[in-house]
Structure formats: structure tokens, C-alpha cells
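Dear colleague,

Please find below the structure that I am handing over to you. My notes on what was found in it follow directly after it.

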Amino acid sequence: MKTGRVIFITGTSRGLGLGLAEHCLAQGDTVCGCSRAPATLTDARYSHYELDVSDEKAVVAAVRAAVRRHGRIDALVNNAGIASMNHALLSPAVTAQQIFATNFHGTFLFCREVAKAMVRQKSGRIVNFTTVATPLRLEGESLYAASKAAVESFTQVLARELGPSGITVNAVGPTPVPTDLVKNVPAAKMDALLARQAIRRFGTIEDVINVVEFFLSPQSEFITGQVIYLGGVNG
Ligand SMILES: NC(=O)c1ccc[n+]([C@@H]2O[C@H](COP(=O)([O-])OP(=O)(O)OC[C@H]3O[C@@H](n4cnc5c(N)ncnc54)[C@H](OP(=O)(O)O)[C@@H]3O)[C@@H](O)[C@H]2O)c1
């Protein structure tokens, strides 16, 4: 896939999604983004959909509008996500609902709607977001890790369902990257987490972009159903 791609990235108001959107715009891509908050990006090749990724009607309408406007969607990056750090026994049921609604349900809805257009195109790339908290079975992150385990499993099955249509579906699992998502994690807990990586440092937006671009590249057409974790964490 060359520059000039049409890419839908979820969760573009800040953090990794904003960094990815800026990277793609700098490459010459056309980017559709979304978040519950208004757009923080302004660019002639950027359009923003103010929505909650777990709202089925809003997702259906946004994807239809994007396809009508651009004629196609070459790639979908399901980056929008939330985390909650708490012992399972102290976690309110509503937290479980919110985490699964955003992380799993939102990913499912965007995959379903965008893949309909990709099946017609007979091509497409989907990259979902997981985390090293899932393979590390991180204490205090049971709901977050479980929601991302669902994303991983969905990614692998969807890859098989969409393979015959020329669509790849993969996932990237970042280590901690200093964004709003992890700013409230206590330093001692963060140090313990980094100590479990083969390469003991924070991730960067560039580390994440590198894996996303690898999955999006034309040379990666035979790579699907894979999860790549950063920092040398094994699945
Ligand atoms: N940063 C890390 O250390 C780390 C590590 C591993 C994995 N990840 C994964 O990487 C992804 C991005 O994380 P981040 O660190 O960039 O998080 P972040 O800085 O908190 O940004 C999250 C983005 O997602 C959007 N979002 C959240 N819930 C949404 C919803 N229900 N509907 C629409 N948009 C929503 C937010 O916008 P609004 O709040 O305006 O909706 C924001 O733009 C997540 O999937 C996360 O699980 C991050």
C-alpha cells in the first residue's frame, strides 16, 4: 500500500492515535479519525467523527459517510481504548462494561463496518490494539487484560474469515508508552512492569508506528492473524 492511502484511525484526539494520525498525514494519506471529544487535529486531508466507538448507530453512520466521501477505506487502525487499574475484587461491574464496550465492542463494530467496504474492494488492512498486560497476566489489570484478550482472539478469527477477501487483520501490543492512559500508574508498579520486558524501557509512539506500518505495507500481504508485542514480551 503506497502513500495516498485512505486510513480510518479510532481515538485520534490524543495519545498514540493522534501520533499515528499526524504520521499518516505527513506521509500524504487521507485520514478519518474519531473520539468522543472534538477534533484536536486540523488538516485538509483529515476528517473527524465525534462519536463513542461502542455506539453502533454512530459507527455505522461514520463509516458510511467516510466511504461515501473517499470512495474506499484502505486501512483501519482500531486504536481507541481505555484502561482501568484495580484489583478484580474491587472492580465495579460498570467498569467491566465500559472497558469491554470501548476496547472490544468498539473494535468489533469498526471491523465489521469497515470490512464490508474492504470486501467489496477485495483488499484492506486492519490493525487492532492489544497490550503486553494480556500476555504478562498483569495483576491489577484483569479487566483491561481480558478485554484485550478478546480483541486478540477476535483478530485471529477475523483474519481467517477475511483472508479470502484479500484483507489482513493483525494486532500490535505496546508496552507502556507515556500517554494519558498510563499517567496514574504508580512508579513502583511501572518499574516492575518494565522489568518484565526483554528491553527495559518505555515504548515510544515511533515504536508503535513502526509495527503498524509493517502490517500496512504492501509486502505484508501474506501476514495475518498475528499479534506483535513490543519490548520482547512473548505471547
Ligand atoms: N499508552 C500505553 O502505555 C499503552 C500500552 C499498551 C496498549 N495501549 C493501547 O493503545 C491504545 C491507545 O492508547 P493511548 O495510550 O494513546 O490512550 P489515550 O492517550 O488515553 O488516548 C485514547 C484515545 O482513544 C479515545 N477514546 C477512548 N474511549 C473512546 C470511546 N469510547 N469512543 C471513542 N474514542 C475513545 C480517546 O478520546 P476521547 O476520550 O475523547 O474519546 C483518545 O483519543 C489503546 O487501545 C490502549 O489500550 C496503550
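The largest nonpolar core has 47 residues, and Ile 73, Leu 76 and Val 114 have the most contacts inside it. A nonpolar core here is a set of buried Ala, Val, Leu, Ile, Met, Phe, Trp, Tyr and Cys residues joined through C-beta atoms within 7 Å. A residue is buried if 20 or more other C-beta atoms lie within 10 Å of its own, exposed if 12 or fewer, and partly exposed in between, with C-beta atoms placed from the backbone. Helix 3 gives the most to this core, with nine residues. A second, separate core of 10 residues includes Ile 99, Ala 133, Tyr 144 and Val 233. Leu 76 is in contact with Phe 8, Phe 110, Cys 111, Val 114 and Ile 126, leaving aside neighbours within four places in sequence; contact requires C-beta atoms, placed from the backbone, within 7 Å.

Please note that this is a predicted model: local features need pLDDT of at least 70, side-chain atom pairs count only at pLDDT 80 or more, and totals for chains, interfaces and linings use all residues. Residues are numbered from 1 along each chain as its sequence is written. Helices (H or I, at least four residues) and strands (E, at least two) are DSSP runs, numbered from the N terminus.

Ala 117 is found in helix 3 and counts as buried because it has 21 C-beta neighbours inside 10 Å. Not counting residues up to four places away in sequence, Ala 117 touches Val 67, Arg 72 and Ile 73. Ala 117 and Gly 71 are 46 residues apart in sequence, and their C-alpha atoms are 9.2 Å apart in space.

Two further helices deserve attention. Helix 4 has 21 residues and reaches 30 Å from its first C-alpha to its last, close to the 30 Å expected at 1.5 Å a residue; the expected span is 1.5 Å times one less than the number of residues. The buried residues of helix 4, among them Leu 143, Tyr 144, Val 151 and Leu 158, pack against helix 3, strand 5, strand 6 and strand 7 (227–229).

In helix 6 (residues 205–216), the 12 residues should span 16 Å at 1.5 Å a residue, and the end C-alpha atoms are 16 Å apart, which agrees. The buried residues of helix 6 are Val 208, Val 212, Phe 215 and Leu 216. They cover an arc of only 100° around the axis, so they lie on the same side of helix 6; the arc is that of the directions from the helix axis to the C-beta atoms. These buried residues pack against helix 1 (15–27), strand 4 (75–78), strand 5 (124–129) and strand 6 (167–173).

Which residues are closest to the ligand? Of the 30 residues that surround the ligand, the closest are Gly 11, Gly 15, Arg 36, Ala 37 and Gly 81; a residue is near when its C-beta atom, placed from the backbone, lies within 6 Å. Helix 1, strand 2 (30–35) and helix 3 (93–121) are the elements that give two or more residues to this shell. Helix 1 gives the most, with three residues.

Most residues other than glycine have a negative phi. Lys 122, however, has a positive phi near 60°, and Arg 137 has a positive phi of about 50°. Lys 122 lies in the loop between helix 3 and strand 5, while Arg 137 lies in the loop between strand 5 and helix 4 (142–162). Lys 122 counts as exposed because it has 10 C-beta neighbours inside 10 Å.

Yours sincerely

Conventions
Contact = placed C-beta atoms within 7 Å.
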